[in-house]
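Please consider the following model, shown with its sequence.

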Amino acid sequence: PLAQDSGRPAVDFVCFMVDMRSRASLNVVKENMSHLSAEYALGRTAIAVLGADDPATHEFTREELLQLGGREVPLLYGRLDGAALAASLVQMAADADSNL
């Protein structure tokens, strides 16, 4: 995070989402995690892992995920069922971005 700037909201917690069916999503998380200092990330970061339930579709291994969590970042496994739920998450992210 940048130094305190009254024009920016404080960031209390960061949750990255990675889809095990997409190596590109892993690369995006790796790139973005590199912008967080280890001191900041500790206790303030988690990774939500999607698509873990079908190993036949994985484009990377769980070991690669564990390397991301090398800073003791918890991995939270879950599922998104249905296009409507995915669309609502995209809308929520867009709304949050417009409030910044």
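Predicted model: local features only at pLDDT ≥ 70, side-chain atom pairs only at ≥ 80, totals over all residues.

Residues are numbered from 1 along each chain as its sequence is written, and side-chain values use heavy atoms, with hydrogens and water left out.

Three strands form an open sheet in the order S1-S2-S3, with parallel pairing. Strand S1 (14-19) and strand S3 (75-78) stand at the edges with a single partner strand each, so one side of each has no neighbour in the sheet. From one strand to the next, the twist averages 25 degrees. Strands (E, at least two residues) and helices (H or I, at least four) are DSSP runs, numbered from the N terminus, and two strands pair if DSSP finds at least two bridges between them. Strand S2 (residues 45-50) runs parallel to S1 and is joined to it by six bridges.

Across S1 and S2 lies helix H1 (residues 23-33), which runs at about 155 degrees to S1. Such angles run from 0 to 180 degrees between N-to-C directions, the axes being lines fitted to C-alpha atoms, for helices over the stretch in contact. Contact means heavy atoms within 4.5 Å.

The largest nonpolar core has 18 residues, and Phe16, Val18, Met33, Ile47, Val49, Leu65 and Leu68 have the most contacts inside it. At least two residues of this core come from each of S1, H1, helix H2 (38-41), S2 and helix H3 (62-68). A nonpolar core is a set of buried Ala, Val, Leu, Ile, Met, Phe, Trp, Tyr and Cys residues joined through side-chain atoms within 4.5 Å.

Val49 in S2 is the bridge partner of Val18. Leaving aside neighbours within four places in sequence, Val49 is in contact with residues including Val18, Leu65 and Tyr77.

Ala46 also has its place in strand S2. Why does Ala46 count as buried? Its relative accessible area is 2%, and buried means under 20%, with exposed over 50% and partly exposed in between (1.4 Å probe, protein chains only). Ala46 and Leu75 are 29 residues apart in sequence, yet 6.1 Å apart in space, C-alpha to C-alpha.

Glu64 lies in helix H3. Glu64 is classed as buried because its relative accessible area is 17%. Not counting residues up to four places away in sequence, Glu64 touches Arg23 and Leu26.
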